Amino acid sequence: MAPAALGRDDGGGTPESAFDGSRTPISDIKIVDFESYGESRPLLENRTITKLIEDLRFPTSLDASGSDAMNPSGDYSATHIRLKTNTDLTGHGISFTIGRGNDLCTAAARQIAERLVGKTLGELAENMGQTWRYLVSDSQLRWIGPEKGVIHLGLSACVNALWDLWGRYLNKPLWQLVSDMTPEEFVSCIDFRYIHDAITPEEAVALLKTQEQTKAARIKDARSNQAVPAYTTQAGWLGFTDEKMIELINSNLAVGMDKFKLKVGGNLEDDKRRVKIARDTIGYDRMLMLDANQVWSVPEAIRYMDSFLEFKPLFIEEPTSPDDILGHAAIRKALKPHGIGVATGEHCQNRVIFKQLLQAGAIDYCQVDACRLGGVNEVLAVLLMAKKFDVPIVPHSGGIGLNEYTQHLALLNYICVSGEKSLLEHINSFSEVLKYPVKTENGYFVTPWEAGYSVEYKPEAIETYTFPTGSFWTSDEGMAIQNGLKV
Ligand SMILES: [Mg+2]
């Protein structure tokens, strides 16, 4: 499938690696090797990793960006893979972690990526659902999942790199690559094993067909940067002072960013003070959301939320363990009379957990994560299930590069699946390290037009933040973090 690219005069940058697909048939694009962060070792058939790069860690702990009740001092990190081909085409992919343990994910990603080496892009892209099944079917690796945890985070880096490669080959942004698919092609990207009881491929095709007629209008919204409304978490990290929070709320309001999320789950009195200050600054006519990052038990969540009723949050995010489907259902039932929703997803390990959350009526907002799930394919499965169960998608974007992914997911969900606008989290920490960082304008995301999946780090950023040998991590400041308290 190689539909013609839409015009590229709608703004956005010109991708360095734009690829003219007419020069090389897709069946001749062969993945010959890959670069990953981690230690070197010989690969099959005596190939060796041609370039060594360590995992990337960005010191967000320095200014408490990303701090929340469960994760007080994260250094947002990326497991990064580049799939090299026998042409000048390269596919870039990441998974997201928050520091220590990123090396485990790079080790997982390296093993999974070996399954791609020697294949052509043509055979991999011909049936993406089968390709995804193939990637999760190394029985020995599967034992340390299956389809969850570190091995799944490693998988997502590989799958995301493959979609990036495909998008660059077709010279299309990922959201457009998917939007140009027929319903049957879209559905063929999904491994339906374990979700047939929630949605069948036939139902999914029918659902997508109902959206076909009105799709053109939504693509028009994408072209005019009116498809994906943004909210920001950047003012509400738990480690920020009240003064910094107020300053950030006001600076966001000044540029049209008027929807906010605040971290809670620390000391209750501190939380109430912060939420009241935020509410008073934002006003009661604007959207405010809360996020507890899993710190509460189910009864605690219900009890603590009593303290926030007067501040009228739209939802409480991750009120308890991400594995507790019935616990979320109980919290949702308790909060429903107060008009407060329950949201979760950034730690939902696979499509099976999302299926059960939806079947149990446990969530009001479905927060898919581009890296926690096994890359684009599994996200598509969850988008379809959420639509069937009439639950809006509000993707999770915390991470350096994650928002660059979720902008595509929110766009393709709106255009192809849901047909309705929903929110997307905006994060811009360390955006200077990315070649194509997300942009917002008047409270909306600016539609990306670079080919592929938008995550590509600048070479100087890789040099600086490669762990532990990059220039930042060998500096006094970097060493202080490495030798500091591990919390
Ligand atoms: Mg969260």
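User: Which residues does the UniProt annotation "domain: Mandelate racemase/muconate lactonizing enzyme C-terminal" cover?
Analyst: The structure is a predicted model. The annotation comes from an unreviewed UniProt entry, and the range it gives is residues 242-338.

User: How far apart are the end C-alpha atoms of residues 242-338?
Analyst: Over this stretch the chain is 49% helix and 11% strand. Its end C-alpha atoms are separated by 27 Å.

User: Which elements do the buried residues of α13 pack against?
Analyst: Helix α13 spans residues 325-335, and its buried residues are Ile325, His328, Ile331, Arg332 and Leu335. They cover an arc of only 125° around the axis, so they sit on the same side of α13. The elements packed against these buried residues are α12 (298-306), β8 (315-317), β9 (341-344) and α14.

User: Are α14 and α15 roughly parallel or roughly antiparallel to each other?
Analyst: Helix α14 covers residues 351-359 and helix α15 residues 376-388; their axes lie 10 Å apart at an angle of about 10°. Angles under 35 degrees count as roughly parallel. The two helices, α14 and α15, are therefore roughly parallel.

User: How many nonpolar residues does the contact of α14 with α15 have?
Analyst: On α14 the contact is made by Arg351, Phe354, Lys355 and Leu358, and on α15 by Glu378, Ala381, Val382, Met385 and Ala386. By class, three are charged, none is polar, and the nonpolar residues number six.

User: Is Ser297 buried, exposed or partly exposed?
Analyst: Ser297 lies in the loop between β7 (288-291) and α12. A residue is buried at 20 or more neighbours and exposed at 12 or fewer. Ser297 has 14 C-beta neighbours inside 10 Å, so it counts as partly exposed.

Terms used:
Residues numbered from 1 in each chain as written. Predicted model: local features only at pLDDT ≥ 70, side-chain atom pairs only at ≥ 80, totals over all residues. Axes fitted to C-alpha atoms, helices over the stretch in contact; angles between N-to-C directions. Helix = DSSP H or I, 4+ residues; strand = E, 2+ residues; numbered from the N terminus. Parallel < 35°, antiparallel > 145°, perpendicular 65-115°, else oblique. Contact = placed C-beta atoms within 7 Å. Nonpolar A, V, L, I, M, F, W, Y, C, P; charged D, E, K, R; others polar. UniProt positions renumbered as here; feature names shortened; annotations may be inferred. Arc of directions from axis to C-beta.
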